[in-house]
Number of protein chains: 2
Amino acid sequence: MAVNLVAESPENLYAIDGLELGFAQAGVRKANRRDLLLISLAPGSAVAGVFTENSFAAAPVQVCRRHLAAGGPIRALLVNAGNANCGTGAQGLAAAQTCCEAVARLLGCEPTAVLPFSTGVILEPLPVDRVVAGIPDCVATLGAARWAEAASAIMTTDTVPKARSRRLALGGVPVAITGIAKGVGMLQPRMATMLAYLATDAHVAAALMPRLVREVADASFNRVSVDGDTSTNDSFILMATGRARHPVIDSAASAQYLELRAALIAVAAELAQAIARDGEGATKFITVVVEGAASEDEAHRVAKAIAHSPLVKTAFFASDPNLGRLLMAIGNAGIAGLATERIQLYLDDVEVIARGERAASYMEADGARVMKQAEIGIRVNLGRGTAQCTVWTCDFSYDYVKINAEYRT
Amino acid sequence: MAVNLVAESPENLYAIDGLELGFAQAGVRKANRRDLLLISLAPGSAVAGVFTENSFAAAPVQVCRRHLAAGGPIRALLVNAGNANCGTGAQGLAAAQTCCEAVARLLGCEPTAVLPFSTGVILEPLPVDRVVAGIPDCVATLGAARWAEAASAIMTTDTVPKARSRRLALGGVPVAITGIAKGVGMLQPRMATMLAYLATDAHVAAALMPRLVREVADASFNRVSVDGDTSTNDSFILMATGRARHPVIDSAASAQYLELRAALIAVAAELAQAIARDGEGATKFITVVVEGAASEDEAHRVAKAIAHSPLVKTAFFASDPNLGRLLMAIGNAGIAGLATERIQLYLDDVEVIARGERAASYMEADGARVMKQAEIGIRVNLGRGTAQCTVWTCDFSYDYVKINAEYRT
């Protein structure tokens, strides 16, 4: 059902020097599928992350935050699908800790050098023995050229594995970036519900990493909405192994920082869009651009109000140009003093709303033509300033209900 | 599809002295159905209203606000279904004005004594000639005992007409209350999307009416959520004809004010619950009670986060006790400093979450038993204080998508 989305060929996914990936069939929830991923990082790698804003942050998220805050080296990431280890209290924290210790023993590092991640059903105990039993297989299969398999191992209701790569040169030195992500429900821009791992062999000062990961998230994963829910387990991790031989990037004002950031954003944005294209039950991929806003935050709020509205999303599913619902959604964004008579709205190239009302030139046939497309652009101008924001989303179909009604069966 | 909801028998809907109702088949959107309602009020009636917070308030809402703000007497209300007269600019305002003038001519009052209301499709011009042509039929059919027909005339995708009555005595003098409402999509607590009209023959000072209507709305229609969207046309009007012969109620501190308010809230809450029971595609009626909050606003935010979550609502549709989604929704309410380890959650009588994690006594079979019911209670204790709030909502089914995808066809 994903909209214009195919898995990237493994040969287009570049190995990252200093990083290896391994797998296991741990049987966390279902048998006979890879559901455990281990990422191993060479010494000297710099790692930073951003996590869910949900108050019920899952146990692995709590452990990740603690291990990253400790400031020591990070040497491994362990990801299980099938169980979120959330709402599991002290036992859940102990389980995440046990997983870190098991990895640390096999890799010869400190438990605090391991970051745990979980995705799946909430409020059920993690089968920690099965996860621990799977770790030796992960270690035994470690290899640098296994990104495509890594993308598959972390899927839950995703229909297409999501992985992308890009190369750039920093001061003439070749650098590679590869990332993987999984969606696909509980998504909203505050922190798209997902797991995403972005790696590069670029050499970045550890002190700059928290800023870099936040900037990349804001321009990519924080721009996706599927259903407005935010998961308890959202995590996005940026890893820089430092194996490329360019001078270390230690200033956010440097040209190389900006070049690297742009390339990281390009890969992350493709992964973020892939998540919306593969939103649960998605049949349309929708890009919402809000411009003419007084601030970027204001533009974001309007774009989010459109992307979150079930009424807007069902109209897109039906290919019905019931475009008054877009106007309703804009009005619900809670923008104080919004002068509706200044608002313009385009559906691709079709002007639908001019000066806050139906455009004189608008013909329903034109709206209907665009609504039938698999990819649709909505552009709103608020007439209040120069700030803008883009959000990617998908429509709301029978299959969203079906997938979420039957998720555990 | 409505959950345990039947139309009230016409003989249980009390006439309100000083108020008459008339109808027409104006053909606003479809032929051969009553789609125009006129409510005529005797001189001396006091009227107040609350309206949508959507920035794109429809033309009739703008005219209502202006006419009520003018402070003159209100003598009539005109309601059309089938077209929202929203996003229609100056022409839409003129159309609403034209409707008021046509009513005023026939009833012999000022145009500013008429309040217009519209519900239906947004962004299409109101067929004002057809509405005006229907008004004489409305006037010709005016009668006091036509509340059941009034409830039917304002329906859009409602499956059951919503009308309720109640009697009380104020200082020994009998007083009647009758109300009607229509839903049923675009509903959220900020102002449930709907039209509702509540009338009484009680004698209330005009100056108290704005306060009274707001207090009644806050305890009834503002406690409903269907899909989190807020319509451009939401309106709730309270009318007091003053024909009952008790002394005028002119203080919000008086016992009679409190008695009347309680009775009005009882009727309005029943209508509000009826809207959730008849939510688009609803198969379950869900009452969310949040208690132990630091403030009522906080309790309301948590209840709303639960009632709005598509993931929670699809799990209820599936009768799947995937109750981690409730925990996810609570965590998304944005309550600063929420101590998750204090949270308790009950599904009817079943303790699901204790101290922020799965309760030791919880058995999935118990959760599954409650989830199969047509009416379900969710009770959350935040362990932060003594404030509480109740919100009524429904589940999210295939039919919600179907109804909204095909609304205009």
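Because the model is predicted, local features are reported at pLDDT of at least 70 and side-chain atom pairs count only at pLDDT 80 or more, while totals for chains, interfaces and linings use all residues. Residues are numbered from 1 along each chain as its sequence is written, and chains are lettered from A in the order in which they are written.

Two packed helices are described by the angle between their axes and the distance between the axes. Axes here are lines fitted to C-alpha atoms, for helices over the stretch in contact, with angles running from 0 to 180 degrees between N-to-C directions. Helices (H or I, at least four residues) and strands (E, at least two) are DSSP runs, numbered from the N terminus. In chain A, the axes of helix α2 (residues 89-107) and helix α3 (residues 128-140) come within 10 Å and cross at roughly 25 degrees. That angle makes α2(A) roughly parallel to α3(A); angles under 35 degrees count as roughly parallel, over 145 as roughly antiparallel, 65 to 115 as roughly perpendicular and the rest as oblique. The crossing of α2(A) and α3(A) is right-handed, a term used if the near helix is turned clockwise from the far one by less than a right angle, with anticlockwise giving left-handed. On the α2(A) side, A:A95, A:T98, A:C99, A:A102, A:V103 and A:L106 meet A:V128, A:V131, A:V132, A:I135, A:P136 and A:V139 of α3(A). Contact between two residues requires their C-beta atoms, placed from the backbone, to lie within 7 Å. The residues of this contact comprise 11 nonpolar, 1 polar and no charged, where Ala, Val, Leu, Ile, Met, Phe, Trp, Tyr, Cys and Pro count as nonpolar, Asp, Glu, Lys and Arg as charged, and the others, Gly among them, as polar.

In chain A, helix α5 (residues 209-218) and helix α6 (residues 255-277) pack at an angle of about 45 degrees, with their axes 9 Å apart. That makes α5(A) oblique to α6(A), and their crossing is right-handed. Here A:L212, A:E215 and A:V216 in α5(A) meet A:R261, A:L264, A:I265 and A:A268 in α6(A), a set with 5 nonpolar, no polar and 2 charged residues. In chain B, the axes of helix α5 (residues 209-218) and helix α6 (residues 255-277) come within 9 Å and cross at roughly 45 degrees. These two helices are therefore oblique to each other, and the crossing of α5(B) and α6(B) is right-handed. The contact involves B:L212, B:E215 and B:V216 of α5(B) with B:R261, B:L264, B:I265 and B:A268 of α6(B).

Attention now turns to the interior. In soluble globular proteins, nonpolar side chains tend to be buried together. The largest nonpolar core has 288 residues, of which A:V302, A:I306, A:I330, B:V302, B:I306 and B:I330 touch the most other members. Such a core is a set of buried Ala, Val, Leu, Ile, Met, Phe, Trp, Tyr and Cys residues joined through C-beta atoms within 7 Å. A residue is buried if 20 or more other C-beta atoms lie within 10 Å of its own, exposed if 12 or fewer, and partly exposed in between. Beyond its neighbours within four places in sequence, B:I330 contacts A:F56, B:V302, B:A305, B:I306, B:I343 and B:V380. Helix α8 (residues 310-317) of chain A is mostly covered, with 8 of its 8 residues buried; among them are A:K313, A:F316 and A:F317. Just after α8(A), A:S319 takes a positive phi of about 55 degrees.

B:A163 lies in strand β6 (residues 162-170) and counts as buried because it has 26 C-beta neighbours inside 10 Å. Its C-alpha is 6.2 Å from that of B:E8, although B:A163 and B:E8 are 155 residues apart in sequence. B:P125, in the loop between β5 (114-121) and α3 (128-140) of chain B, is partly exposed, with 15 C-beta neighbours inside 10 Å. B:P125 and B:W147 are 22 residues apart in sequence and 29 Å apart in space, C-alpha to C-alpha.
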